[in-house]
Amino acid sequence: RQTVYLANKILCYRKEAPALSIGTVRKMKEFELKYGCNPNQKPAKIFMANGSDLPIEILCGKPGYINFLDAFNSWQLVKELKEATGLPCATSFKHVSPTSAAVGIKLSEKLKKACFVDDVPQLDDSPLACAYARARGTDRMCSFGDWVALSDVCDVTTAKLLKREVSDGVIAPGYEPEALEILKTKRKGNYNIVKIDPDYVPDPIEHKQVFGVTFEQGRNNFKIDRSLLTNIVTENKNLPEEAVRDLIISLITLKYTQSNSVCFAYDGQAIGVGAGQQSRIHCTRLAGSKADTWFLRQCDKVLNLPFKDGIGRPDRDNVIDGYINKNEEDVCADGIWQKYFTTQPEPLTAEEARAYLDTITGVSLGSDAFFPFDDNIERAHRSGVMYVAEPGGSIRDDVCIERCNKYGMVMAFTGMRLFHH
């Protein structure tokens, strides 16, 4: 009864409360959830085992169990990424893994168009909005219905971008009053908006239960920064600043991605995340194919597809993905193209796609564990990878180094595994 009373009291208070400043924290001991991972898993709640206050306040909506898993994992990612880069950051999460993460640097005009933000004149004035536009625009198929984390107080421009995407919720250290009002109109007033105390530090020991058995371990507080990239084992040892930044983005993204995982990064953002695969080459292939799609979405033939007016953003995402990757529906075929386009588009041929991708270089790649075979390096090369960071420690390290040397790549051994489960 007390749990229901507290939750209801908070829900009622939330609707009437004005936007709060970043330093104000509304106290809440626990929060009752509708159910756990699945509707049959009841009762469900979040609470602090030591009886202290939760480090969050819920400003709108009623987040669920998986929402909070995404919220707390994604917040750790952007908090750590901002500490490492000094830039505002954003990430888009689905089912406890990031689809992307990005820092707040301006987008090129082609990237703006590919991310559907070329109609936002104030975008360049908001580094946080730039980070969000990049993160949400990376893998739009996987980000459908995502959870968003922002490293900084949400401003109006970022809120306007968030409002028009299909999303479950957002977590941030605060919200500008107008930004909060914009977000509160989303999903008929039920959009999940969570504010977290940016000064909250969890206990150094964490616990979880599986099948009634309690697991205990120290939190993964390992710091990822440029010092992790000093052990360069390849002949080419030229690691430019942009690559250092992108490798840090890749590695921090992997720290909060379900293992096994591999992450491609470029131009201040993760562009392909291969998560949760049992085989590392499958991670690399998955991440590489996502990176390829991200690049191809910026080629002229894709940017100039003659869409009909009124095509929704999710439908447009599906059509573009089908156009590039030749999915179940041939969107250029007679009887199908008429649903989406004003005129029949020319297909993007495999030869055209390969020729475009062959112009790409300077991509960075991180892996949460060592590469056991050099096929991962070969696949990475096909997607323009020039810079690699992995722990090292395989009995075939020399083979992977040799393959990197063949293509003039730079590879650093970090000495640190980043498994996450």
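What percentage of the 421 residues of the protein count as buried, and which residues line the largest cavity?

Author: This is a predicted model, in which local features need pLDDT of at least 70 and side-chain atom pairs pLDDT 80 or more, while totals for chains, interfaces and linings use all residues. Numbering runs from 1 along each chain as its sequence is written, and side-chain values use heavy atoms, without hydrogens or water.

Of the 421 residues, 52% count as buried (under 20% relative accessible area, 1.4 Å probe, protein chains only). The C-alpha trace spans about 65 × 55 × 40 Å along its principal axes. The protein's radius of gyration, 22 Å, agrees with the value near 22 Å for a compact globule of 421 residues (over C-alpha atoms; 2.2 Å times the number of residues to the power 0.38). The fold has 13 helices and 15 strands (DSSP runs of H or I, at least four residues, and of E, at least two).

Within this protein lie 2 cavities of 30 Å³ or more (points of a 1 Å grid where a 1.4 Å probe fits but cannot get out). The largest has a volume of about 50 Å³, counted as the space filled by probe spheres set on the points. Its lining (residues with an atom within 4 Å of a point) consists of Cys115, Val117, Tyr132, Ala133, Arg136, Gly137, Arg140, Leu161, Arg164, Glu165 and Arg313. Helix 4, residues 127-138, supplies the largest share of that lining, with 4 residues.

Methods
1 Å grid on protein atoms, 1.4 Å probe; cavity = no way out; pocket = protein on both sides within 12 Å on 5 of 7 lines; lining within 4 Å. Buried < 20%, exposed > 50% of the residue type's maximum accessible area, 1.4 Å probe, protein only.
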